[in-house]
Structures are given as C-alpha cells and as structure tokens.
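Reader: Could you walk me through this structure? I am new to it.

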Amino acid sequence: MLLLQEPVLCPLHHGLFIRRHRISLPPPDDDRFYTVYHFNVNTDIVFYGRTFKIYDCDAFTRSFLRKIGVKLNPPRQCPEDPYMKTRREKLDYMGPLRPYQSFDTLKQFLEYDRKVLRFFCVWDDSCSLFGDRRELILHYFLSDDTVEIKEVLPHNSGRDAMSLFLQRRKLPKYGPPGVFQPGQLTDQTVLNVYGGYSENRVYGYLLDKYNLGKLDQEFYKDTDLSIGTTINVWGRKVLLCDCDDFTKTYYRTKYGIENFTSIPCKAPPPPTIERKFPPYTGFGSEEDSLRSCIGLMPTPHQRNFKKFMEFDRCLRELLF
C-alpha cells in the first residue's frame, strides 16, 4: 500500500495528497500494482497521470532497499518550487530602501506572559548609622525583562509598611546613572530629516544604522541572576539567597543549572549575656544588697506575707 503526503509550507494544513491504498501501474500495465521494487532514487513515477520525482530517501529506506538487492542511484537536489521562488522575489522587492530596524517584543510577551522568577534576597545595611538587615523578595518578569522588589517586614519591626521597595522597571547594572537629556536614550538614531520648501513640513527621515553617538545602558537579564550573586539596586548591594521551585525549573530546563544551594537570609541571633551579681558587701541584709543591683532606684525587699503567715509557727513547734 502507498501513502503520499504533501509537506506543510504555510500555516494552512493540506492533508493527504493520496490516501493509503494499492496503486496500479500506468497503462498498458494497469492490471498490476506498484511494489517496492518499482521505487528508486533519482527516478520518475506516475500516480494517476501525475509524474513525481524521487530525489532522495531516508536511512531506513536506503538500508532496506539494499538488503533486498535494489541498487540505489545517487541522490539529486530537490527541484526548486516556482511559486516559492516568485514569492521570495516579491518579498525582496518589499524590503525598505532606507535602514530599517525592527523591535518585535510580541513573541517574548506571548511566550513568557505571567511567568515570573522569584528570588529571596537580603540587603545588609548594618554598617551604616541606624542600619540593619532588610529581607527582600525580587520578582523578574520574563515577558519584558523588568524587575520588582518587595520588602518583607517582620512583626513589630517599627517600620512603615511600604507597598514596594522598587517599582517594576528595568534595572540598570551600573546605577544610579547620570541625568540624561531628552532624546539621548532612544532605540533608533535619526541621521537626517527631509521635506519640502516649507520650514515646518517634514516628509521623512533617515536612520543611522551605525548608531553613532548613541548612549547604551546595560540592564539585568535572567542570565545575570543566580543564587549567591550580589546585584546593584541603585547603589544598594543586594545578595540573592534563594529562589522558588518555578525559578529552579526554569534555570534547570533552559540553562542546565543544577546547583541551587541556598544561603541563610536571616542574621544569627545575638549572643546571650549571663547576668552576674556582685558578692555581698556586708552592709544590711543580703536581700537589700541584691535589690540595689537590680535597678537604679533601690526598693526595699518585699516579704512574702502569705508564706510568713503559713509557715511562721512551724519552727516554733519544732523547737518546743
């Protein structure tokens, strides 16, 4: 049985060209059918009045035909499709004459929309005056390469709850940058404009394909983020300590990273200081001397009156 299928050259599916069944030979041998011995490389075959050229075959077919004793011809190059040739020439004519640069971000948005990398990080500001360690959560949006940072405030931290530590934006590597004039940071560089005789009429413009004088800024990408890396967040050194399961799966699938050893984010607890009291000085009772070591304003020792009333006569009864 034979099956002939046309390859897909456009988004429209063509389906099967000839369904699977036995095909008879062309006249005058139409009383017989095609067998495996009728097929060879670099030959022509006729199916229902249409001529097809066999220019090559796969490795399995080549091995099978050699085993049954068929001598294969050398392969030839696939004939060029006249329609595809004409279509390619039309696309070449439609190209712009001036330098053209396309910035297509739709594919990245459709592929990575709602996919966010999450890192648990810490900003150690304990070296500065009244500074301490800040626990942060960094969100990296794969759809447009932007970064958002939230601060994790513990209970009764004494700080005002802010919605975001850093609003969603592209994070420059070497921040804070200088103050740029309007038009210095652009995707395209205009070389010249041309128009008519009027002063305010502009018909078009020419782009500079070499981008002379363009100021480039480097922003953080997903390849720059990993556990143990210190990033610059507008002059603040933030250490990436851990990440969630989706982030680990993303880096394992795309970049083959297997080491995700986390770093402790929380600071170690302060050492406990043992409270020691000085020896008895000999002035007054021992309880009075101990009360002077507990507070700045010494107070008299408070006797346990209930215990005194319960056990006051126990010693007297034992003595008598």
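Author: What follows is a short talk about the core and the surface of this protein. It is a predicted model, in which local features need pLDDT of at least 70, side-chain atom pairs count only at pLDDT 80 or more, and totals for chains, interfaces and linings use all residues. Residues are numbered from 1 along each chain as its sequence is written, and side-chain values use heavy atoms, with hydrogens and water left out.

Reader: How many helices and strands are there?
Author: The protein has seven helices and 12 strands, taken as DSSP runs (helices H or I, at least four residues; strands E, at least two) numbered from the N terminus.

Reader: And which residues touch the most other members of the largest nonpolar core?
Author: They are Phe119, Leu138, Leu225 and Ile231, in a core of 24 residues; such a core is a set of buried Ala, Val, Leu, Ile, Met, Phe, Trp, Tyr and Cys residues joined through side-chain atoms within 4.5 Å, where buried means under 20% relative accessible area, exposed over 50% and partly exposed in between (1.4 Å probe, protein chains only).

Reader: Which strand gives the largest share?
Author: Strand 5 does, with four residues.

Reader: Switching topic, is Phe60 buried or exposed?
Author: Phe60 counts as exposed because its relative accessibility is 65%, and this residue lies in helix 1, residues 59-67.

Reader: What share of the protein's residues is buried?
Author: Buried residues make up 19% of the 320 residues.
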